[in-house]
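Student: Could you walk me through this one, please? I have the sequence and the model open.

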There are 4 protein chains.
Amino acid sequence: MLTRSRTEITDAAARLLIDAACAKAEEIGVPENIAVVDSAGHLLAFHRMSGAKFHSIATSQAKAVTAASIGAASGHAPMEAGVVVGLTTQGAFTNLKGGFPLIIDGQIAGAIGVGSGSPDEDIAVAEAAIAALMSALG
Amino acid sequence: MLTRSRTEITDAAARLLIDAACAKAEEIGVPENIAVVDSAGHLLAFHRMSGAKFHSIATSQAKAVTAASIGAASGHAPMEAGVVVGLTTQGAFTNLKGGFPLIIDGQIAGAIGVGSGSPDEDIAVAEAAIAALMSALG
Amino acid sequence: MLTRSRTEITDAAARLLIDAACAKAEEIGVPENIAVVDSAGHLLAFHRMSGAKFHSIATSQAKAVTAASIGAASGHAPMEAGVVVGLTTQGAFTNLKGGFPLIIDGQIAGAIGVGSGSPDEDIAVAEAAIAALMSALG
Amino acid sequence: MLTRSRTEITDAAARLLIDAACAKAEEIGVPENIAVVDSAGHLLAFHRMSGAKFHSIATSQAKAVTAASIGAASGHAPMEAGVVVGLTTQGAFTNLKGGFPLIIDGQIAGAIGVGSGSPDEDIAVAEAAIAALMSALG
């Protein structure tokens with residue numbers, strides 16, 4: 001097999017994810033940075049809500065990249081592995097919670113990363129966004 | 001004077017800029033990366049249209065950062081100066097065209113950077129976005 | 001449209017490309033570095049022939065990444081743009097000749113970059129590899 | 001003594017290592033990134049199996065570079081030392097397990113790094129590759 005087909009989210013899906021994430025973040029009163037990447041970890045869309053911490057611009061993106069690469073939620077590696085991989089990849093990989101892959105048709109089709117709130121808040125916002133996308137996909 | 005007031009665009013303005021930029025890019029048939037930063041050069045919003053080059057994710061952001069920093073359009077430094085500053089800042093500063101500051105009330109309130117098309121296309125998309133923002137500001 | 005399907009070469013195709021490139025490089029007596037990336041620019045396979053210059057390890061990869069991103073052969077940008085983009089992307093993008101996209105079903109399915117020989121030699125090796133892949137795809 | 005002879009693996013050995021590593025990885029059902037470097041730490045060959053994590057492209061290479069540099073398996077430094085060296089070398093050196101030097105005639109002749117699986121899986125794949133090379137060397 002010399003070629004294969006890979007499912008990717010579009011920028012329209014990225015926008016839907018960001019809108020849904022913002023709605024949830026406003027509901028809980030926590031300004032967030034929201035990053036959406038494609039399956040290769042390249043940034044598709046980003047939104048920083050007013051008041052979201054600017055140092056979390058980078059970490060929200062790293063959470064999304066991590067989730068796209070491992071195909072699982074960020075933040076669950078053993079501490080040692082997380083620290084050393086973060087170093088090795090110069091910050092592209094993180095062990096912070098708040099990154100989730102978008103699994104569509106059994107494939108990693110992209111990922112979302114949320115950062116600025118507490119881990120629980122970031123996770124709640126990301127999960128609300130994913131639920132909205134999955135609902136729109138039917 | 002121990003304090004000063006800084007005029008900043010909001011994330012709502014960033015969204016307006018991205019929507020207007022996408023509309024112009026679709027009109028001319030050129031997929032683009034659009035980055036909006038605040039006056040400090042920190043990313044506020046980003047959108048990669050389907051088909052936009054992935055290496056321009058970084059350059060569109062660098063164009064916006066450059067414009068926010070110098071308060072003028074990117075791409076007009078003498079060639080030699082552009083190269084040396086680019087080297088010195090490890091790519092955060094660029095001499096590529098397509099970055100423009102958002103001057104509001106005489107202050108740098110943010111900046112936009114557009115990348116993936118030709119210089120003329122990137123400029124046209126950025127200028128359309130700025131015109132839409134200025135029109136909305138009245 | 002919230003998702004799209006992207007055609008990608010597999011690692012089997014990457015191996016085929018490297019074997020064909022090595023055969024051509026041996027035929028013309030020029031040791032080469034050969035890099036194959038997927039459509040997102042991530043390295044799929046790499047081979048440095050005995051005697052190939054080690055500084056071309058990085059440039060062969062940059063050629064492939066560039067071709068995957070722009071969907072066209074590397075080395076044809078105006079000089080100024082090439083230099084400044086190279087700086088902005090910290091070397092990931094290059095204006096050196098020897099990088100070619102792999103266009104399959106009208107999509108960028110990956111790219112190959114060859115480096116260590118002269119531009120003409122690098123191009124000849126890359127083109128031989130692509131011809132072999134296209135022949136195998138039928 | 002003004003000169004010395006350095007034993008190096010060839011690209012043919014690198015290919016043998018990658019083939020043996022892929023065979024073992026398939027046997028245990030774990031897609032891997034496999035990097036082979038020469039004694040100087042320069043990349044000789046690389047292969048990313050379908051499904052291997054893309055962030056491990058960089059870490060598999062760092063494992064190989066580390067093993068070539070220290071002449072011992074990666075991943076055994078005390079945690080603190082690993083972090084500090086990783087920071088100092090900006091990610092070229094790693095304390096992740098899965099990198100092994102290729103000791104031939106008492107010299108470091110190259111190294112292999114494997115990444116994407118668990119530490120135990122990466123080690124098993126690397127060891128199978130080394131065993132195949134040593135067997136071929138007789």
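Tutor: C:C22 is buried, at a relative accessible area of 10%, where buried means under 20%, exposed over 50% and partly exposed in between (1.4 Å probe, protein chains only). This is a predicted model, in which local features need pLDDT of at least 70, side-chain atom pairs count only at pLDDT 80 or more, and totals for chains, interfaces and linings use all residues. Residues are numbered from 1 along each chain, chains are lettered from A in the order in which they are written, and side-chain values use heavy atoms, without hydrogens and water.

Student: OK, and how many disulfides over all chains?

Tutor: The count is 0, taking a disulfide as a pair of cysteine sulfur atoms within 2.5 Å. For A:C22, the nearest cysteine sulfur is that of B:C22, 16 Å away, and for C:C22 it is that of D:C22, also 16 Å away.

Student: Switching topic, what rotation superposes chain A on chain C?

Tutor: A rotation of 180° with 0.0 Å of shift along its axis does so, at an RMSD of 0.0 Å, when the copies are superposed by least squares on the C-alpha atoms of residues with pLDDT of at least 70 in both. That is the relation of a two-fold axis.

Student: Which residue of chain A comes closest to the rotation axis?

Tutor: That is A:R6, whose C-alpha lies at 2.5 Å from the axis.

Student: And what does D:L43 touch?

Tutor: Leaving out residues up to four places away in sequence, D:L43 touches residues including C:L43, C:F46, D:V36 and D:Q61, where contact means heavy atoms within 4.5 Å.
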